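Keep the viewer open and follow along.

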Amino acid sequence: DFCLSRGLGDVYKRQVIRMNEEYSLAKKLYDAVAVNGTSCRKLARLLGVHASTVSRHVIQPIKRTSEEEAIRKIAGWLKYCKKKGEVVERVARLGQQ
């Protein structure tokens, strides 16, 4: 029982760490648009995805929901987007350019 519960605890910790990373990256995207005024097209170019994808998963949540809800939705998109590895790397570099 101890080994099983410890194993599940490790899995839970990894999930929390991943969620925190996705939330942090989503906040970065939120700030790029809501605070810095980065356009949909520019963000799409930076992320290497189509502008309609950025509009649907980043811009629209920012315009239509609270900051907290928008960040949650953006984090959900980051978790499941097709080009996840590339997009996550590019989001992580956003402020460094």
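T53 sits in helix 3, where helices (H or I, at least four residues) and strands (E, at least two) are DSSP runs numbered from the N terminus. This is a predicted model, in which local features need pLDDT of at least 70 and side-chain atom pairs count only at pLDDT 80 or more, while totals for chains, interfaces and linings use all residues. Residues are numbered from 1 along each chain as its sequence is written, and side-chain values use heavy atoms, with hydrogens and water left out.

Is T53 buried or exposed? T53 counts as buried because its relative accessibility is 19%; the classes are buried under 20% relative accessible area, exposed over 50%, and partly exposed in between, using a 1.4 Å probe and protein chains only. Setting aside neighbours within four places in sequence, T53 is in contact with V58 and W77, contact meaning heavy atoms within 4.5 Å.

H57 also belongs to helix 3. With a relative accessible area of 26%, H57 is partly exposed. Not counting residues up to four places away in sequence, H57 touches I74 and W77. Its C-alpha atom is separated by 7.3 Å from that of K73, 16 residues apart along the chain.

These residues lead us to a helix pair. T53, H57, V58, P61 and I62 in helix 3 meet A70, K73, I74 and W77 in helix 4. How do the two helices pack? The angle is about 160°, and the axes are 8 Å apart; axes are lines fitted to C-alpha atoms, for helices over the stretch in contact, and angles run from 0 to 180 degrees between N-to-C directions. Helix 3 and helix 4 are therefore roughly antiparallel, since angles over 145 degrees count as such, those under 35 as roughly parallel, 65 to 115 as roughly perpendicular and the rest as oblique.

Now for the interior. In soluble globular proteins, nonpolar side chains tend to be buried together. Here the largest nonpolar core has 24 residues, and L29, L47, V58 and L78 have the most contacts inside it. Helix 1 (2–35), helix 2 (40–47), helix 3 (51–64), helix 4 (67–80) and helix 5 (84–92) each give two or more residues to this core. Such a core is a set of buried Ala, Val, Leu, Ile, Met, Phe, Trp, Tyr and Cys residues joined through side-chain atoms within 4.5 Å. Leaving aside neighbours within four places in sequence, L78 is in contact with E22, L25, A26, L29, K84, V87 and V91.
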